[in-house]
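Reader: Hey, I've got a structure open and I'd like to talk through its aromatic rings. Can you help me out?

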Amino acid sequence: MSFDADEFKQQFPLFAQAENRQLVYLDNAATTQKPQAVIDAICDFYRHSNANTHRSSHRLARRATEMVERVRGRAAGFLHAASAREIVFCRGATEALNLLAYSLCSEMQPGDEIVISTAEHHANIVPWQMMAQRHRLILRYVPHTAGIPQFDRLGEVLSERTRVVSLTGGSNALGLRPDLAGIARQLRDWRTPGRALRWIVDAAQLAAHEVVDVQKIGCDFLVCSAHKFYGPTGIGLLYGRESLLRAMPPWQGGGEMIAEVDLYSSHYADLPHKFEAGTSPLAAIAGLGAALEFLANSDRDAMAAHEQRLMLWLHRELATLPGLRVISQPQHNLGIVAFTPGNGSAADLMHWLDGRDIAVRVGHHCAQPLIRAAGETATVRASVAAYNTQRDVEVFVQALRDYLQLAESPQSAPPQPGADWGLDDLSVLQVEQLASQRDWQDRYRELMRWGKSIRAKPEIRRPENLVRGCESEAWLVHREQGGRHYFALDSDSRVVKGLGALLLSQIDGRSAEEIRALDLSQMFADLGLEKHLSRSRSNGFYALLRQALAQAS
Ligand code: PLP
């Protein structure tokens with residue numbers, strides 16, 4: 001089936017804004033852009049229907065209530081739930097998982113077990129850790145190899161005491177999509193009438209890329225967030241089998257979730273309201289309704305096939321770039337390529353890409369156990385959605401090629417063993433040379449080259465030398481000799497080193513009065529750095545400057 005990504009993209013007004021015409025948005029695993037229909041639904045709610053739901057029976061309240069329950073019905077259809085009573089509105093996947101952890105664990109006995117995996121988002125780790133501590137439960141992990149869960153070996157960690165198996169339907173860090181049918185088979189083999197074992201699927205990523213059918217999956221609970229599938233932030237879905245939800249205690253108390261309140265006890269409302277304390281995010285629910293309708297009217301198979309084509313193309317291209325370590329696998333992948341640059345820091349690369357208006361994410365992606373097991377602290381993650389085009393991924397790969405060419409020359413000489421910190425030779429660095437570069441890309445390249453004049457200094461990497469306010473770690477030391485001030489700097493980031501080299505080239509070897517007389521902020525602005533560098537990078541420069549000034553005085 002053919003899919004026209006350009007045509008699909010036209011439904012998303014953000015991309016039509018003049019400032020976003022060249023934007024390559026590859027941060028979809030964090031959140032997707034919103035189609036016009038979703039934006040309109042949110043505005044229309046406030047324009048025409050704004051009233052609180054359920055508690056009041058005037059015309060507007062009735063209209064708002066009908067809207068909420070209509071969207072609930074649509075959500076039941078979206079997940080193939082048996083009825084709307086099985087759909088609880090939550091703030092998102094995180095809140096839904098917290099609800100499940102709180103409610104299910106409160107009925108467990110000390111020593112009962114919960115099984116999760118190393119590929120989980122923190123939202124599917126931390127709530128279980130908290131409840132395990134509170135109720136003296138045991139947390140077990142699916143067997144893994146270098147952090148990658150071997151879901152086909154789930155049976156090895158199931159025991160008589162396993163009460164909950166809560167697993168990802170797709171990893172947000174690597175895109176890894178487990179074989180849910182295989183997991184269902186293992187759980188089916190394990191379950192007997194006497195064993196109360198609940199299976200939760202974290203479908204925060206999965207629901208954005210595939211049609212989710214809870215009947216086919218066979219899970220007991222499933223959670224997702226609307227903002228990952230073109231809906232608004234602040235609203236998500238918890239699906240639960242009706243009989244199970246009915247038996248579970250509510251997790252938050254307040255208005256809306258009660259049938260009757262006495263002085264010392266209350267009777268709770270029927271499903272699903274028992275789990276929806278307080279005023280719901282009504283406009284977000286209206287937006288969710290529009291997102292569900294938008295998806296129902298889209299060819300989801302064609303969207304998924306298009307995303308898969310882009311993801312496979314990216315993996316193939318990145319495999320040809322020798323300066324990268326690609327961590328994700330193209331097989332069973334929801335649409336993510338994750339990698340690190342072999343030379344330099346992931347944050348430098350992200351800022352370089354940002355300079356070309358390419359949005360990717362750098363960090364641990366709320367999946368620290370997985371990223372750590374891969375031997376990294378941060379990766380670059382590019383994640384696709386159906387509105388991404390072939391041009392998007394080509395521009396991205398070309399930008400990576402340019403960056404790698406820039407970064408491939410070796411870093412500065414290694415430090416002399418045992419030596420106390422020495423000065424870097426910055427005498428060749430001329431601001432005029434930096435200023436004379438034709439355009440911003442050349443100036444940035446020059447700045448990166450300056451970074452190479454700062455050699456590695458493990459001897460100064462101590463907490464007391466850490467520069468506060470710098471996004472990438474940086475260390476600055478100072479000494480005074482004959483009324484003159486000398487500095488030494490180190491950082492993993494080539495850009496921070498470049499900015500540091502620029503700063504030190506101006507202040508090193510000068511007296512405090514001379515340093516104070518310099519207008520370094522003006523120089524920074526004149527070089528166009530403030531305009532072109534991200535705010536966090538500019539803040540990094542000013543943090544270095546502040547620390548140097550404090551040291552010199
Ligand atoms: N689970 C997964 C796999 C995710 O990717 C995310 C968000 O990135 C979450 C849970 C938490 O979702 P939210 O932040 O929308 O609550």
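**Aromatic rings**

Reader: How many aromatic pairs turn up in a search of the whole structure?
Author: The search finds 19 aromatic pairs; rings of Phe, Tyr and Trp (its six-membered ring) pair if their centres lie within 6.5 Å. This is a predicted model, where local features need pLDDT of at least 70, side-chain atom pairs count only at pLDDT 80 or more, and totals for chains, interfaces and linings use all residues. Residues are numbered from 1 along each chain as its sequence is written, and side-chain values use heavy atoms, leaving out hydrogens and water.

Reader: OK, why is the pair Phe-339 and Phe-396 called tilted?
Author: Their ring centres are 6.3 Å apart and the planes sit at 50 degrees, so the pair is tilted (under 30 degrees is stacked, over 60 edge-to-face, the rest tilted).

Reader: Is Phe-339 buried or exposed?
Author: Phe-339 has 0% relative accessibility and counts as buried (under 20% relative accessible area; exposed is over 50%, partly exposed in between, with a 1.4 Å probe and protein chains only). Phe-396 is buried as well, also with 0%.

Reader: What about Trp-352 and Tyr-444, how far apart are the ring centres?
Author: The centres are 5.3 Å apart with the planes at 40 degrees, so this pair is tilted. Trp-352 and Tyr-444 are both buried.

Reader: Switching topic: which rings form a cluster?
Author: Ring pairs link Phe-3, Phe-8, Phe-12, Phe-15, Tyr-230, Phe-294 and Tyr-387.

Reader: And what lies over the face of Phe-15?
Author: Lys-9 does, 4.8 Å from the ring centre (the rule is NZ of Lys or CZ of Arg within 6 Å of the centre and within 35 degrees of the ring normal).
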